[in-house]
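These are my notebook entries on one protein structure.

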Amino acid sequence: MTVKRRNHGRSKKGRGHVKPIRCDNCFQACPKDKAIKRFNVRSMIEAAAKRDMAEASVYESYDVPKMYYKLHYCVGCAIHSRTVRVRSRVNRRNRAPPPRFRPEFKKPTGAPAAVKASA
């Protein structure tokens, strides 16, 4: 019988049975090893309200805590929301993670303007 994926769409290997989880989008039962998992880190307040909170706060510098949560999607919801995409037969063999797009941190080149003015 022809096989579409070498792991049959799961990461179970030697285990006989895996407990099901519920999809965070549609609440469908899906085996934990087959579910598409994404770790999400979000700020507790959006960027627009962050400045308002900083102005109203008594503290000079206060880091707003972040929310860390893991999302589990069934295959159908992950494809529908474009978390994962359908790939061609040749590209399915590519197991490398997709490239990450992170903004590069720019280092300050000189001294701040306040220091230059006082010197």
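The entries below record what I looked up in this predicted model.

**Entry 1: salt bridges.** I asked how many salt bridges a search of the whole structure finds. The search returned two.

I took the pair of Asp33 and Arg10 to begin with; their closest N and O atoms are 3.1 Å apart. Asp33 sits in the loop between strand 2 (29-31) and strand 3 (36-43), while Arg10 belongs to the segment before strand 1, so this pair ties together parts that are 23 residues apart in sequence. I then looked up the exposure of both partners. Asp33 has a relative accessible area of 11%, which means that it is buried, as the limit for that term is under 20%. Arg10, at 25%, is partly exposed.

I turned next to Arg51 and Glu55, whose side chains meet in a salt bridge at 3.4 Å, N to O. Both residues lie in helix 1, four residues apart, or about one turn of the helix. I noted that Arg51 and Glu55 are both exposed.

**Entry 2: a buried lysine.** I looked up Lys12, which is located in the segment before strand 1 (20-22). Which side chain of opposite charge is nearest to Lys12? I found Asp33, at a distance of 6.2 Å. I did find that the side chain of Lys12 reaches the backbone oxygen of Arg15 at 2.9 Å. Setting aside residues up to four places away in sequence, Lys12 touches Val18 and Asp33.

**Entry 3: a buried cysteine.** Is Cys23 buried or exposed? I recorded it as buried, with a relative accessible area of 1%. Cys23 lies in the loop between strand 1 and strand 2. Apart from neighbours within four places in sequence, I listed its contacts as Gln28, His72, Tyr73, Cys74 and Cys77. I also looked up Val75: it is 52 residues from Cys23 in sequence, yet their C-alpha atoms are 9.1 Å apart in space.

**Entry 4: a nonpolar patch.** I asked which residues form a nonpolar patch on the surface. They are Met53, Val58, Tyr59 and Tyr62, with about 510 Å² of accessible area together. Tyr62 is exposed, with a relative accessible area of 51%.

Key: Residues are numbered from 1 along each chain as its sequence is written. This is a predicted model: local features need pLDDT of at least 70, side-chain atom pairs count only at pLDDT 80 or more; totals for chains, interfaces and linings use all residues. Side-chain values use heavy atoms; hydrogens and water are left out. Helices (H or I, at least four residues) and strands (E, at least two) are DSSP runs, numbered from the N terminus. Buried means under 20% relative accessible area, exposed over 50%, partly exposed in between (1.4 Å probe, protein chains only). Lys and Arg count as positive and Asp and Glu as negative; His and the chain ends are not counted. A salt bridge is a side-chain nitrogen of Lys or Arg within 4 Å of a carboxyl oxygen of Asp or Glu. A polar contact is a pair of N or O atoms within 3.5 Å; within protein, one must be able to donate a hydrogen and the other to accept it, and residues adjacent in sequence count only if both atoms are side-chain atoms. Contact means heavy atoms within 4.5 Å. Patches are made of residues with over 30% relative accessible area and no salt bridge: like charges are joined within 9 Å, nonpolar side chains (Val, Leu, Ile, Met, Phe, Trp, Tyr) within 5 Å. Accessible areas come from the Shrake-Rupley method with a 1.4 Å probe; for residues, only the protein chains shown count as cover.
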